[in-house]
Amino acid sequence: MPRIASFADFELDLESNVLRKRGRVVRLQHLPARMLILLVSHAGEIVTREQLRNELWPEGTFVAFDAGLNTAIRKVRQALDDDSGRARYIETIPREGYRFIAPVRLPPAELLTFPKVVSFPPIPPAPNRISRPLWIFLGVTFLIVTAAGAWIAGRLAQPRPLVAIVARPLDSLEGSKGFPNISPDGSQVAFSWDGLGGAAPGIYVTSIRGGEPRLFTPATGHDISPVWSPDGTRMSFRHWNGLVQAVMVAPVTGGAPRDLAETDGYFVAWTPDSQSVLFTVQSKKASGFELWSVPAGGGAPRQIPTPRGLNPYDRFGYSPDGTMLAYETWPSSSEEPQIMVRGANGSAARQVTALHSRIYGWTWTPDSRGFVISNDSQGSKRLYEVSLDSPKREPVPIAGAAEDAEYPAMAREIHASSDQFELVYVNPRRVCNFYSAPLAWNREGVPHLAAAPGRFLGSTRVSDSPQISPDGRRMVFISNRSGFQEIWLAGVTGTNPVQLTHFASPEHKPGSARWSPDGSQLVFDVEELRIHHIYVLSIEGGAMRQLTEGADDTVRPSWSRNGQWIYMGSQRTGRWEIWRIPVEAGGKGPSAAKRMEGSSGFEGFETPDGSALLCGEHGQLWRVPVNGGPPSLLVEKGVWHGWWAFALGGIIYADLTAQKTGHPGDLPVLFYSFRTHRATALTSLPQRVVDADPGLTVSPDGRYLVLDRIDDESTNLVLVSTKR
């Protein structure tokens with residue numbers, strides 16, 4: 001028989017911690033529900049703060065007791081729609097505790113206690129002693145039954161995994177949306193929007209039921225990362241005016257935002273009492289970022305100690321029940337950031353995750369028993385649940401959740417009248433394809449486009465880093481069209497694409513493939529747990545050969561013209577420079593690599609005659625003699641890593657300066673002549689490229705140019721109803 005306590009329109013199941021009002025479930029987290037059971041079970045009596053501490057936070061639990069108690073009692077009152085000033089259910093006894101004052105109908109007393117042990121008369125001794133084998137059998141049986149019981153109890157104690165029931169788009173706005181955050185009552189979603197289509201960029205708020213979003217922030221800068229205060233009265237966000245990033249706070253009912261402090265990070269968060277805002281600042285004493293807190297009403301910031309530098313590009317924040325603080329940090333320089341949890345009172349932190357792939361956003365679950373994270377361990381970004389009850393285990397996929405999901409957010413409190421609760425995430429979409437344009441050359445040796453660029457080798461995924469073979473018949477490129485980032489080979493017109501590498505892992509991402517002079521091999525870098533190493537692969541098949549290893553980052557390799565050396569970018573001296581290693585020596589020892597004196601940047605290519613290396617950084621291109629000598633400046637600006645290539649007496653390059661500096665406009669494509677030392681404009685293209693990845697190549701005979709462009713880049717917000 002269920003143990004039900006009744007009062008007013010409510011029924012409280014004392015076994016399952018479920019509260020109902022007129023038969024409908026009122027959502028209440030685990031700890032506030034236990035507090036309500038304790039108060040109801042002692043209706044009419046004062047339950048002291050010390051009793052609450054002993055019952056709800058037993059010895060050995062590290063929490064900020066006052067903040068945790070105040071948060072729990074506030075959530076109980078919210079669930080009951082009670083007012084502390086005019087209490088109908090819970091009365092505050094100053095400096096003592098609380099008393100449940102409403103009439104309660106409790107179940108019979110025998111249902112409130114465990115059954116008493118029944119005493120039986122002593123059993124007469126058996127006429128014969130039990131044999132030793134029988135004693136062993138009984139002992140083993142007892143141990144098996146005990147272990148089985150413990151296993152079953154443990155299974156029952158663990159929360160059921162989250163399941164996605166139904167998902168629907170939350171908006172139909174053009175452009176990019178991000179940084180969603182759900183209001184404490186779960187009725188609204190705040191998010192940032194770039195304002196594509198004529199609207200002002202900034203933070204917008206919309207109902208979870210849909211409808212036209214409204215602009216929350218004045219259009220005076222770039223605002224992201226909105227976060228509601230736990231009491232739902234204010235919102236904090238990060239503001240950038242083009243020069244300074246600031247932590248801002250504004251009332252949700254309207255009013256001018258208040259500038260609280262300068263920040264170097266992306267995200268902000270609230271303390272459980274809604275009185276202060278957390279933010280990150282670049283450390284002045286060590287590498288990494290520090291966590292700080294500033295009063296929401298204004299005042300001096302103070303640092304919140306963390307054992308290691310924080311990840312400034314992801315969330316941090318207190319659990320919904322106010323007892324824990326979670327954040328991301330790097331266990332070591334070669335590992336991905338992991339989620340750490342510590343008590344709100346500053347007790348020792350523990351690592352919760354042990355992932356070998358990146359986290360693309362996370363959020364506390366409403367019951368404070370774990371997190372929902374976005375992770376690409378299976379290729380695409382998917383949603384997983386990480387439980388605090390089983391730290392460092394593999395994340396559990398959320399059944400029914402779609403792929404391509406990042407930056408999830410859940411409401412901190414649960415007020416829905418059913419057993420479902422809402423989750424919102426960002427659904428990113430990026431499609432990059434190749435465009436080819438024929439080139440014609442005049443008598444002065446200057447090219448021009450003979451026709452408009454046309455798309456080829458199209459897909460609905462990302463393709464980049466095109467490189468045409470020395471014979472002009474084939475092209476290698478990087479693509480995630482198989483689900484993971486791999487190297488592909490196709491005919492130069494896009495025919496017969498074939499996958500060359502099969503890493504099939506987010507822990508190994510190949511990139512920047514380059515042909516050997518004879519076209520028989522490829523050299524490329526592979527990102528392995530945030531460190532890049534150089535590999536060589538035969539086009540005809542066979543095992544890959546690793547050229548570099550260890551903790552040094554080695555990137556963007558290229559071949560010498562005689563095929564005997566591999567150039568690569570390395571910062572083993574503390575700055576990016578070009579080094580080279582012999583192809584056959586393997587290059588695994590420090591003595592095998594040679595630094596190119598006078599070089600700079602992380603990408604370099606030998607000139608067609610093999611006499612010099614062209615390299616540079618910050619848009620400049622320098623000529624460095626291979627056999628020694630001072631470097632000389634060739635192009636003062638506009639030549640960026642991955643976006644230039646040799647072309648019959650010069651180079652063709654796409655000037656990404658405007659995109660790099662955040663200014664809109666078309667993308668100029670130019671030809672620089674080694675003979676005249678002049679740059680001539682070829683064409684301009686819509687400025688939609690991924691400037692971090694290589695995206696330009698020219699055929700060896702100079703007859704055509706290939707560029708990589710973004711065909712579609714947008715994000716949508718998706719609302720998911722979930723349950724356990």
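These legends describe close-up views of aromatic rings in a predicted model. Local features need pLDDT of at least 70 and side-chain atom pairs count only at pLDDT 80 or more, while totals for chains, interfaces and linings use all residues. Residues are numbered from 1 along each chain as its sequence is written, and side-chain values use heavy atoms, with hydrogens and water left out.

**View A. Phe 7 and Phe 100, one of 21 aromatic pairs found in the whole structure.** Rings of Phe, Tyr and Trp (its six-membered ring) pair if their centres lie within 6.5 Å; planes under 30 degrees apart are stacked, over 60 edge-to-face and the rest tilted. Here the centres are 5.0 Å apart and the planes stand at 75°, so the pair is edge-to-face. Phe 7 belongs to strand S1 (residues 4–7) and Phe 100 to strand S7 (residues 97–100), 93 residues apart; strands are DSSP runs of E, at least two residues, numbered from the N terminus. Both Phe 7 and Phe 100 are buried, meaning under 20% relative accessible area (1.4 Å probe, protein chains only).

**View B. Phe 434 and Phe 477, an edge-to-face pair.** The ring centres are 5.5 Å apart, with planes at 80°. Phe 434 is in strand S30 (residues 421–441) and Phe 477 in strand S34 (residues 474–479), so the pair ties together parts 43 residues apart in sequence. Phe 434 is buried at 0% relative accessibility, and Phe 477 is buried at 1%.

**View C. A cluster linked by ring pairs.** Its members are Phe 605, Trp 644, Phe 646, Tyr 672 and Phe 674.

**View D. Arginines over rings.** The charged end of Arg 238 sits over Tyr 266, 5.5 Å from the ring centre. Arg 572 lies over the face of Trp 579, 4.4 Å from the ring centre. The criterion is NZ of Lys or CZ of Arg within 6 Å of the ring centre and within 35 degrees of the ring normal.

Technical notes
Helix = DSSP H or I, 4+ residues; strand = E, 2+ residues; numbered from the N terminus. Buried < 20%, exposed > 50% of the residue type's maximum accessible area, 1.4 Å probe, protein only.
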